[in-house]
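Have a look at it first, and then we'll go through it helix by helix.

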Amino acid sequence: MANTPQAKKRIRRNERRTVINKNRVSQIRTKIKSVEAALEAGDKSAAATALAAVQPELARGVARGVFHKNTASRKFSRLTKRVAALA
């Protein structure tokens, strides 16, 4: 158990940030699923639109420290490749 005031404050801060970060990751995953759903349906225009919405969210997740930059880059690259392959 934390003994110092700073350690107690850090625990409170970590709990608040955990909730915020979980919400952010959930939002990004939802947007990724919307791209995948459009890909499954074979709708290229909807997939491209959803992909355009995913890219800034992934970049924001990297900026906020939720995702590693290579993870976000990999996810976006793979989604882009799948949308481009849809002819």
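With 20 residues at 1.5 Å a residue, α2 should span 28 Å, and its end C-alpha atoms are 29 Å apart, which agrees. The expected span here is 1.5 Å times one less than the number of residues in the helix. Helices are DSSP runs (H or I, at least four residues), numbered from the N terminus.

Before going on, a word on what you're looking at: this is a predicted model, where local features need pLDDT of at least 70, side-chain atom pairs count only at pLDDT 80 or more, and totals for chains, interfaces and linings use all residues. Residues are numbered from 1 along each chain as its sequence is written, and side-chain values use heavy atoms, with hydrogens and water left out.

Which residues of α2 are buried? They are A47, A50, L51, V54, E57, L58 and G61. These residues cover an arc of only 140 degrees around the axis, which puts them on the same side of α2. The arc is taken from the directions running from the helix axis to the C-beta atoms. Buried means under 20% relative accessible area, exposed means over 50%, and partly exposed is in between (1.4 Å probe, protein chains only). On the other side of α2, you'll find T49, A52 and A63 exposed. The cover over the buried residues of α2 includes α1 and α3. Just after α2 comes G65, with a positive phi of about 85 degrees.

E57 is a residue of α2 and is buried, at a relative accessible area of 13%. Setting aside neighbours within four places in sequence, E57 is in contact with Q27, I28 and K31. Contact means heavy atoms within 4.5 Å.

## How the helices pack

Two packed helices are described by the angle between their axes and the distance between the axes. The axes are lines fitted to C-alpha atoms, for helices over the stretch in contact, and the angles run from 0 to 180 degrees between N-to-C directions.

| Pair | Angle | Distance between axes |
|---|---|---|
| α1 and α2 | about 160 degrees | 9 Å |
| α2 and α3 | about 175 degrees | 10 Å |

That makes α2 roughly antiparallel to α3, and α1 and α2 are also roughly antiparallel to each other. Roughly antiparallel is the label for angles over 145 degrees.

Who meets whom? From α1, the residues Q27, I28, K31, I32, S34, V35, A38 and L39 meet A46, A47, A50, L51, A53, V54, E57, L58 and G61 of α2. Between α2 and α3, K44, A47, A48, L51, V54, Q55, L58 and V62 meet K69, A72, K75, F76, L79, T80, V83 and A84.

## Over to α1

α1 has 37 residues and reaches 54 Å from its first C-alpha to its last, close to the 54 Å expected at 1.5 Å a residue. Its buried residues are R24, V25, I28, I32, V35, A38 and L39, and they pack against α2 and α3. After α1 comes G42, with a positive phi near 80 degrees.

L39 sits in α1. How buried is L39? Its relative accessible area is 10%, so L39 counts as buried. Leaving out neighbours within four places in sequence, L39 is in contact with A47, R82, V83 and L86. L39 and K81 are 42 residues apart in sequence, yet their C-alpha atoms are 11 Å apart in space.

## And finally α3

The 17 residues of α3 (residues 69–85) should span 24 Å at 1.5 Å a residue, and the end C-alpha atoms are 24 Å apart, which agrees. In α3, A72, L79 and V83 are buried. Seen down the axis of α3, the buried residues fall within an arc of 40 degrees, so they line one face of the helix. On the other side of α3, R78, K81, A84 and A85 are exposed. What covers the buried residues of α3 includes α1 (5–41) and α2 (44–63).

T80 belongs to α3 and counts as partly exposed, at 32% relative accessibility.

L86 lies in the segment after α3. Not counting residues up to four places away in sequence, L86 touches L39, G42, D43 and K44. The C-alpha atoms of L86 and F67, 19 residues apart along the chain, are separated by 27 Å.

Definitions and conventions: Helix = DSSP H or I, 4+ residues; strand = E, 2+ residues; numbered from the N terminus. Parallel < 35°, antiparallel > 145°, perpendicular 65-115°, else oblique.
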